[in-house]
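User: Could you take a close look at one part of this structure for me, and then show how it sits in the rest?

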Amino acid sequence: MQATDRFSVFAFYRDSPERRAALSREPGAPERYLLFGLDQLAERGIRAGHNLERSATPPAWARLAGAGLQAAVRRMSGYGGDFARVLPSLRRANHADVVFSTVDTVGIPLLTFRRLSLVRRPFVYVSIGLLPRLAGLETKWIVRAYAQILREAEAVVAYGAGEAEELRGWLGGGSVVFVPFGVDTEYFRPASMSSEVDVLSVGTDPRRDFDLVIRAAARNPDVSFRIVASSEHVRELRGAPVNLTVEVEIPFAKMRERLGGARVVALPVRENAYSGATTTLLQAMACGKPVVVTRTAAIAEGYRLADGENCRLVPPGDAPAFERAILELLGDPEGAAAMGARARETAERHLSWDRYVDSLHQLLAAAALRCPRA
């Protein structure tokens, strides 16, 4: 295979209603960012397939085998995953030039199948909090086995610089690459609309610290707050004051409206190395919004964030600093607008979706070239 040749990639995704809905939309629809660049790779001539081309229900044999494998992993005190969504696609994956694992839910089963020599093609693995998942395993030999397989991967990708550093230390070898995530700066862009709420906070991942938003709202009854969260988060939200409204899992198309209608976007996150409210942060920046975000290890480096320039960075769990940053932005509309404009510029120059896809394209192409098909 020459560097100019086309290659094929087979992607494994975690199944979810949101991703199925994205797949039902035409290529280029903004929701299809959930496919991690597959549309854009296809536009570049890359032959792309994925495990969700099948029906939403895996065949009976895959469900039965997947349940058995999951039970076996649990008996060994290991960490499982969605074996049933991976098994039916192994044959097709082994006909591709490179396998792309987009999330640990399917990635850990792929590591197991790699160990069993059932995945034979080069693979690129995306880690989104892999080490915290493995941290509590009682059977350490399983962790060592996962590390050995990952050292053989053509690339292990992390969207947080902190997570990439942790993975390098754990693996002690292999190829770990930090790839900043990206945002569609054409779809998420500044819009002229009246403010619906003073402070908006959005998030569905388990690292969100919505308690800081509730505390800030309770202390500032004249400021309007809105939280958009998952149903799991909403069940945990207790004692919300009257100036705080809560929405549950709104459609993707509504997200741009919610961002556009907020004066300030506030994204508190508990300390971790892989999640920095990254997707919503980039969307808000692309919309030209002033953002208050926690300085976690996931985004402290690599995302061109500068406190007081294109965002406000606050320490994890620091309620007074979080509240103070919000009130300062609300009390200085001109300064907040200038910060939002610089945030938009940062997203356009350094964090666009095209740049993200460029990075993935290079990694996948290199993997295919290093181990060409016979």
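This is a predicted model: local features need pLDDT of at least 70, side-chain atom pairs count only at pLDDT 80 or more; totals for chains, interfaces and linings use all residues.

Analyst: Residues are numbered from 1 along each chain as its sequence is written, and side-chain values use heavy atoms, with hydrogens and water left out.

Which of its residues are buried? They are Ile142, Val143, Ala145, Tyr146, Ala147, Ile149 and Leu150, where buried means under 20% relative accessible area, exposed over 50%, and partly exposed in between (1.4 Å probe, protein chains only). These buried residues pack against helices H6 (104–115), H7 (130–134) and H9 (161–171), as well as strands E4 (123–127) and E5 (155–158); contact means heavy atoms within 4.5 Å.

Look next at H6, one of those packing partners. Asp104 is found in H6 and is buried, with a relative accessible area of 0%. Its side chain makes a polar contact, at 3.2 Å, with the side chain of Arg133 (N or O atoms within 3.5 Å; within protein, one able to donate a hydrogen and the other to accept it, with residues adjacent in sequence counting only if both atoms are side-chain atoms). Setting aside neighbours within four places in sequence, Asp104 also touches Pro109, Leu130 and Gly129, among others, and the list includes Tyr125, Val126 and Ser127.

Gly173 sits in the loop between H9 and strand E6 (176–178) and, at 27% relative accessibility, counts as partly exposed. Beyond its neighbours within four places in sequence, Gly173 is in contact with Arg151 and Arg168. Its C-alpha lies 19 Å from that of Cys371, 198 residues away along the chain.

Now for the cores. A nonpolar core is a set of buried Ala, Val, Leu, Ile, Met, Phe, Trp, Tyr and Cys residues joined through side-chain atoms within 4.5 Å. The largest one has 61 residues, and Phe100 and Tyr356 have the most contacts inside it. Helix H16 (residues 353–370) gives the most to this core, with nine residues. Apart from it lies another core of 37 residues, and Leu150 is among them, along with Phe83, Val106 and Val119.

Finally, there's the sheet. Six strands form an open, parallel sheet in the order E9-E8-E7-E10-E11-E12, where two strands pair if DSSP finds at least two bridges between them. E9 (244–248) and E12 (312–314) are at the edges with a single partner strand each, so one side of each has no neighbour in the sheet. On average, neighbouring strands are turned by 20° against each other, direction ignored. Helix H10 (residues 210–219) packs on the sheet, touching E7, E8 and E9, and its direction makes about 160° with that of E8 (axes are lines fitted to C-alpha atoms, for helices over the stretch in contact, with angles from 0 to 180 degrees between N-to-C directions).

Terms used:
Helices (H or I, at least four residues) and strands (E, at least two) are DSSP runs, numbered from the N terminus.
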